[in-house]
Amino acid sequence: MKQPSLLGGAMIIAGTTIGAGMLANPTATSEVWFVGSVVALIYTWVCMTTSGLMLLEVNMYYPEGASFYTMVRDLLGRGWNRINGLAMAFTLYILTYAYITSGGSITENAINSLGWISISRGAGSLLFCLALAFFVWFSTKAVDRLSTILIGGMIIAFFLSTTGLLSSVSSATLLDSQDTNAPAHLPYLLTALPVCLVSFGFHGNVPSLVKYYNRDGRRVMQSIFIGTFLALFIYILWQMAVQGNLPRREFAPVIAKGGDVAALLEALSKYISTQYIESALSFFAYMAIASSFLGVTLGLFDYIADLFHFDNSLWGRAKTTLITFVPPLVMSLLYPYGFVKAIAYAGVAVSFSSIMISALMVRSSRKKFPEATTYRTFGGNALIYFMIIIGIVNIVVQLISG
């Protein structure tokens with residue numbers, strides 16, 4: 001049987017990884033600036049890619065189609081499985097909240113700029129949430145179709161805006177050499193890591209890729225590496241585009257509004273030379289947030305339906321929709337400026353469920369299944385304990401700084 005193309009798997013990983021989290025990265029790394037942000041991104045890329053490869057090794061011990069839930073329960077027990085389930089639910093809820101707040105702010109600005117009517121931030125969040133929640137309620141196929149359109153628009157807008165921004169990058173701005181009294185960068189490096197971690201979340205795709213490539217571990221490993229490296233390359237280009245145009249001192253009002261995407265776009269618009277770049281940038285931000293919102297909430301929707309045993313009838317889907325969207329929407333109305341902080345807290349859960357749990361499962365699986373599989377992660381036991389320590393450090397840093 002002919003194997004699916006390597007490009008196909010790599011695009012699945014890259015498409016899952018690249019999303020609205022990249023809009024939080026420039027603000028989250030504004031204290032460490034460009035050089036520090038590149039260090040943080042490379043570090044988190046290594047951590048998340050390695051933990052993904054650990055999950056791949058674990059997956060190879062189980063039959064095709066085995067889920068993350070099945071593997072955690074079998075290897076670590078029901079207690080760890082419940083904690084991991086809570087961590088994953090927390091991640092999905094907090095990301096949904098983050099996307100509603102940022103999507104609502106752009107919706108508010110877009111409608112108010114037309115001059116026909118003036119709406120509040122809360123109304124913008126409500127409109128954004130209701131419009132996209134309808135597609136999630138209607139069907140997975142509807143989400144698939146809309147996501148395809150959004151991702152296509154996002155890619156076009158990304159290249160239009162980034163090309164224009166890269167052509168106007170200032171080396172003095174990029175290296176933050178204009179302000180000699182600026183505080184040092186590196187002391188803030190650890191606080192940027194949780195947000196960067198969320199930017200490399202692809203682990204839910206690993207079981208699907210094992211099935212996609214007919215249990216060819218080497219093929220899955222290559223697709224993970226290529227897909228995540230492509231995401232890393234795009235993130236670094238984006239950091240250069242934003243931090244090479246917007247001076248570090250101009251991030252103060254953006255940070256004051258919790259990394260609000262509309263505030264970032266407004267600050268950046270003062271340094272953009274042409275109107276079309278500004279429009280493309282706003283369009284890209286909206287498409288990125290909307291596509292990520294759909295992907296995250298579809299996963300949360302299915303999780304809620306499975307947890308409460310809701311059926312797929314109209315009433316069953318309606319109940320699932322209410323539990324999926326009402327809590328993060330209420331949080332968005334109460335706390336409208338929490339985009340970056342919310343993603344940072346999601347990074348805590350990601351550190352636990354993606355890094356620590358993957359490392360613990362590898363350790364347990366090697367004891368339970370002493371026979372070799374077709375794929376084994378490099379590094380031996382030393383790497384396992386290193387990844388566990390990394391996960392703990394990421395969690396502690398965010399809890400202290402948050």
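Ser 291 counts as buried, because its relative accessibility is 11% (buried means under 20% relative accessible area, exposed over 50%, partly exposed in between, with a 1.4 Å probe and protein chains only). The model is predicted: local features need pLDDT of at least 70, side-chain atom pairs count only at pLDDT 80 or more, and totals for chains, interfaces and linings use all residues. Residues are numbered from 1 along each chain as its sequence is written, and side-chain values use heavy atoms, leaving out hydrogens and water.

**Ser 291 and its surroundings**
- Ser 291 sits in helix α14, residues 275–308 (helices are DSSP runs of H or I with at least four residues, numbered from the N terminus).
- The Ser 291 side chain reaches the backbone oxygen of Ala 288 at 3.1 Å.
- Leu 150, Ile 151 and Met 154 touch Ser 291, leaving aside residues up to four places away in sequence (contact means heavy atoms within 4.5 Å).

**Aromatic pairs**
- There are 21 aromatic pairs (rings of Phe, Tyr and Trp, the last by its six-membered ring, pair if their centres lie within 6.5 Å; planes under 30 degrees apart count as stacked, over 60 as edge-to-face and the rest as tilted).
- Trp 33 and Phe 251 form an edge-to-face pair, because their ring centres are 5.5 Å apart and their planes stand at 85 degrees.
- This pair links distant parts of the chain, 218 residues apart: Trp 33 is in helix α3 (residues 33–59), and Phe 251 is in the loop between α11 and α12 (252–256).
- Trp 33 is buried, with a relative accessible area of 1%.
- Phe 251 is buried, with a relative accessible area of 1%.
- Phe 128, Tyr 286, Phe 293 and Phe 325 are linked into a cluster by ring pairs.

**Nonpolar surface patch**
- Leu 7, Met 11, Phe 225, Ile 226, Phe 229, Leu 230 and Phe 233 make a nonpolar surface patch of about 660 Å² (patch residues have over 30% relative accessible area and no salt bridge, and nonpolar side chains, namely Val, Leu, Ile, Met, Phe, Trp and Tyr, are joined within 5 Å; a salt bridge is a side-chain nitrogen of Lys or Arg within 4 Å of a carboxyl oxygen of Asp or Glu).
- Helices α1 (6–17) and α11 (217–243) each supply at least two of the patch residues.
- Five residues come from α11, the largest share.
- Phe 229 lies in α11 and counts as partly exposed, at 43% relative accessibility.

**Helix α2**
- Helix α2 (residues 21–28) is largely enclosed by the rest of the structure, because eight of its eight residues are buried.
- The buried residues of α2 include Met 22, Leu 23, Asn 25 and Pro 26.

How values were computed
Polar contact = N/O pair within 3.5 Å; in protein donor to acceptor, adjacent residues only side chain to side chain. Patch = residues over 30% accessible without salt bridge, like charges linked within 9 Å, V, L, I, M, F, W, Y side chains within 5 Å. Areas by Shrake-Rupley, 256 points an atom, 1.4 Å probe, with all protein chains shown as cover.
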